[in-house]
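Have a look at the model first, then read on.

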Amino acid sequence: MKHTITLIPGDGIGPEIAANVVRILEASGVEIEWETHYAGAQALEKFGETLPQALLDSILRNKVALKGPVTTPVGKGFTSVNVGLRKALDLYANLRPIRALPNVPCRYPELNLVIVRENTESLYAGLEHVVVPGVVESLKIITEKASTRIARFAFEYSCREGRKKITCGHKANIMKLSDGLFLDCFRKVATEYPEIEADDKIIDNACMQLVMRPEQFDVMLLENLYGDIVSDLCAGLIGGLGLVPGANIGEKGAMFEAVHGSAPDIAGQGIANPTALLQSGILMLRHLGEREAADRTEHALLKIFAEGKVRTRDIGGTAKTSEFADAIIGTMT
Ligand code: NAI
């Protein structure tokens, strides 16, 4: 079956890693027609807006997008394109599998857990205003609807992927109403899935446990802000942000993207590591039901890492982005 997928190459290293990931995914045997669209600074320059309607329409039509990193200027200019895309398409579930790769130095080479982050609410929605000069208010919105929806997503995902336990991280001891509601919704949904163990931990303790004994976690369910922070912490446990994939999923579509940014310091040199975007592409193949192609690509990636001969500069090698991609393609064919 041929898939039509929206491709957002992004800024900085985005186009370099996207072009190589496209080559690898196509070598896996799937038939893909790519609809390439711009977002952020490039779209602003070409079309006068950072999130052109044609891009949103393309994702709504195709229901799947692969996205490279997009630059967000700090403290000026437009608001985050990433947050804008998640809002516009109601991509309410952020999925981040955390798994170490062979031969990458890290604290927990055996770690294999998944973060499920609510993507639309909480303090991360950025609803802030000045009450009087010198006093600001930032609103933490938690709703029963969004909390129930993300809890159900986490349980459904766990059943589908053979995961055994979900730990809900919260601060319901202090934020009794907001985090209390999030936790209540989790517990209610948990009763529908007796085969999955449901556990909860206060978020500060959960962070300490993650650093000391992370193997006790399988799937973690977190509201938006905790999810943002804890997923980077977890990336650090397995070797850093450059390797970790991400997916943003909703009823209207799904967008797969690397967790790292546009790396302007190395852009244009052809030396960026495409692994995080490739792993996002593998998640995308699984989402599309292309399990065989996903497995083939993943085996090739793991083999190249296990051999340790072709490595990009960020993980101690000298290979160019395209040489790394060639090695993976060579392993598949
Ligand atoms: P960054 O992730 O772009 O870079 C941090 C460091 O990691 C840099 O030294 C960079 O060279 C290195 N790095 C990142 N990805 C790499 C890769 N694939 N291969 C090799 N080295 C890599 O973070 P930074 O510098 O804070 O952000 C740069 C821009 O990216 C900002 O405008 C930021 O807003 C944006 N950004 C976009 C994201 C997205 O579109 N999902 C996510 C995070 C940041």
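Here's a quick tour of the pockets and the cavity.

This is a predicted model, where local features need pLDDT of at least 70, side-chain atom pairs count only at pLDDT 80 or more, and totals for chains, interfaces and linings use all residues. Residues are numbered from 1 along each chain, and side-chain values use heavy atoms, with hydrogens and water left out.

**Largest pocket**
- A volume here is the space filled by probe spheres set on the grid points, which are joined across faces, edges and corners.
- Its lining has 29 residues, and Leu95, Tyr157, Glu161, Leu283 and Arg286 are the closest to its centre.
- Domain 1 (1-92 + 240-333) and domain 2 (112-237) both contribute to the lining, so this pocket lies between them; the bounds come from an automatic or database domain assignment.

**Second largest pocket**
- The second largest pocket has a volume of about 450 Å³.
- Of its 24 lining residues, Asn82, Arg86, Arg96, Val259 and His260 are the closest to the centre.
- This pocket also lies between domain 1 and domain 2, because both give residues to its lining.

**Cavity**
- There's one cavity of 30 Å³ or more, and the largest cavity has about 70 Å³ of space.
- Val83, Arg86, Lys87, Asn119, Thr120, Tyr124, Ala125 and Asn224 line the largest cavity.

Notes
1 Å grid on protein atoms, 1.4 Å probe; cavity = no way out; pocket = protein on both sides within 12 Å on 5 of 7 lines; lining within 4 Å.
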